Amino acid sequence: MNDLPYLIPAQPTQFEEEIKKSVFITYLAHTPSIDLAKAFVEQVKSKHSDARHNCWGFVAGRPEDSMKWGFSDDGEPSGTAGKPILAQLSGSGVGEITAVVTRYSGGIKLGTGGLVKAYGGGVQQALKSLQTIEKKITTKLLLELDYGFMPIAQSLFPQFGAQEVSAEYSELVKMVIEIELRQVSDFTQTIINKSGAKVQVTSWTNNKDN
């Protein structure tokens, strides 16, 4: 599993332009799964049900995860819409994103090259105004420790970007923290070293045994 963070859309964005009397409206949205990507496509199609074409592409996971890519020409000549849309998305470095480009035809044929440029160009322009945030890949750990080791544990949280999720106080302190996956190994080794192996660190799962 790739534990590096990646960019995702912070909010939807839209770009509109007219090319030879055809109006192209590009929509970008955050879609963290294939199902949500397809739902967004249907939402735009419903909004523009009178449009001749609603072409789309999506990157529904990490930017480089081609298993979660998809596209459609929606009636345009093969390869002139969906692929240029997807090419812009997959080359942007942004994940969990869907683009739908609605076309209202003006009656003037754009030709294969013109369509590729129009669909790809619309997404390219929309991406320029897209605001993004970094998505960190996190996991949860269970720390079991004596009360005396609490200051040691808590002093390490800022260093490793860990956040306390919950804590249970009985004979031992049982604390659940959330931390970036890429920090788990270093955090675990550090807290074990500083506590003389007196702090137990395990993966946390939400069940009655924990």
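Leu142 touches Lys174, Met175, Val176, Gln200, Val201, Thr202, Ser203 and Trp204, where residues up to four places away in sequence are not counted and contact means heavy atoms within 4.5 Å. The structure is a predicted model, in which local features need pLDDT of at least 70 and side-chain atom pairs count only at pLDDT 80 or more, whereas totals for chains, interfaces and linings use all residues. Residues are numbered from 1 along each chain as its sequence is written, and side-chain values use heavy atoms, with hydrogens and water left out.

Leu142 is found in strand β8, residues 138–145; helices (H or I, at least four residues) and strands (E, at least two) are DSSP runs, numbered from the N terminus. With a relative accessible area of 8%, Leu142 is buried, a term that denotes under 20% relative accessible area, as against over 50% for exposed and partly exposed in between (1.4 Å probe, protein chains only). Although Leu142 and Lys174 are 32 residues apart along the chain, their C-alpha atoms are separated by 6.8 Å.

An open sheet of 4 strands, with antiparallel pairing, has the order β9-β10-β8-β11, two strands being taken as paired if DSSP finds at least two bridges between them. At the edges stand β9 (163–169) and β11 (200–203), each with a single partner strand, so one side of each is left without a neighbour in the sheet. From one strand to the next, the twist averages 25 degrees. The antiparallel strands β8 and β11 are joined by 4 bridges, and the bridge partner of Leu142 in β11 is Thr202.

Helix α4 (residues 150–160) lies across β8, β9 and β10 (173–180) and runs at about 10 degrees to β10, where axes are lines fitted to C-alpha atoms, for helices over the stretch in contact, and angles run from 0 to 180 degrees between N-to-C directions. Helix α5 (residues 184–195) also packs on the sheet, touching β8, β10 and β11, and its direction makes about 10 degrees with that of β8.

Turning to strand β4 (residues 53–59), 7 of the 7 residues are buried, so this strand is largely enclosed by the rest of the structure. His53, Cys55, Gly57 and Val59 point one way from β4, while Asn54, Trp56 and Phe58 point the other way, and all are buried. Strand β4 is joined by 7 bridges to strand β6 (residues 97–104), with the two running antiparallel, and Gly57 has Ala99 as its bridge partner in β6. A further 4 bridges join β4 to strand β5 (residues 69–72), again antiparallel, with Trp69 in β5 as the bridge partner of Val59.
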